[in-house]
Amino acid sequence: MKRLFSILAITGMMVFGTANATTIASTTTATTVATTITQDDAAPAETLGFHQELKKRFIEGGPGFMGIVLLCLILGLAIAIERIIFLNLSTTNTKKLTQEVEDALASGGVEAAKEVCRNTKGPVASIYYQGLDRTDEGLDAAEKAVVAYGGVQMGQLEKNVSWISLFIALAPMLGFMGTVIGMIQAFDKIEAAGDMQPSLVAGGIKVALLTTVFGLVVAIILQIFYNYIIAKIDSIVNNMEDASITLMDLLIRHKK
């Protein structure tokens, strides 16, 4: 209780002291508080303004071409995300798998090695399984099976990637088409008005530039994902080739 009364007493003294302050100090304080409030109010507006500005520019660009460009972005990102997930799941620790297959061949033979491959996910394990499954027919048959199934696995890795490259090329082309249409509309307005007014030209040029910018932004975003996917595919394919060579060496040693 004593501490509470002390706090109340100090608060009362500060209130009375503030009431007896000079007019200049009061004016300065009020101005500072008003400025602080204005800045605090402006901060949320600035945060929300980005989304509002983006929506405004999108609408100004025209729902036709801007909607198609947005559709290219959505479809491209959907395919890219699906490919990235699939490629990450297809990544295999090749050295570990090779060691397990070699140990299984030494201890339990081909069937044990095939069981190891069945319990492992990824294209490398599938190639190993196909090669091991043809060992009874000879090393040449096993090698042909590895090469053939490697091509099948490569096709699965590259599935739908061409659609991403299509959207990368299509988005800026649509943006440039919107640019041409915007310029045509601007000249149509000038022709109808019979006068070269800046306001008539500015509207069409703004629409043209907006469609171009959005098309280029979509292409840049998709290009980044596309390059990552291609690099990931190349890495997996290299692992598949190295693993195929290693498998044939293992089969040759096992036959001996």
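User: What makes Phe-176, Leu-216, Ile-220 and Ile-224 a nonpolar surface patch?

Analyst: In this predicted model, these four side chains form a nonpolar patch of about 400 Å². Patch members need over 30% relative accessible area and no salt bridge, with nonpolar side chains (Val, Leu, Ile, Met, Phe, Trp, Tyr) joined within 5 Å and like charges within 9 Å. A salt bridge is a side-chain nitrogen of Lys or Arg within 4 Å of a carboxyl oxygen of Asp or Glu. Areas follow the Shrake-Rupley method with a 1.4 Å probe, and for residues only the protein chains shown count as cover.

User: Why is Phe-176 called partly exposed?

Analyst: Buried means under 20% relative accessible area, exposed over 50%, and partly exposed in between. Phe-176 has 43%, and therefore counts as partly exposed.

User: Which helices contribute to the patch?

Analyst: Helix H9 (residues 198-255) gives the largest share, three residues, while Phe-176 lies in helix H8 (residues 161-193). Helices are DSSP runs of H or I with at least four residues, strands are E runs of at least two, and numbering starts at the N terminus.

User: How do you know that residues 163-187 are a transmembrane region?

Analyst: The label comes from an unreviewed UniProt entry, which also lists 64-86 and 207-230; such annotations may be inferred rather than shown by experiment. In the model, residues 163-187 are 100% helix and 0% strand, with end C-alpha atoms 36 Å apart.

User: What conventions apply?

Analyst: Residues are numbered from 1 along each chain as its sequence is written, and side-chain values use heavy atoms, without hydrogens and water. Local features need pLDDT of at least 70 and side-chain atom pairs 80 or more, whereas totals for chains, interfaces and linings use all residues.

Definitions and conventions:
Buried means under 20% relative accessible area, exposed over 50%, partly exposed in between (1.4 Å probe, protein chains only).
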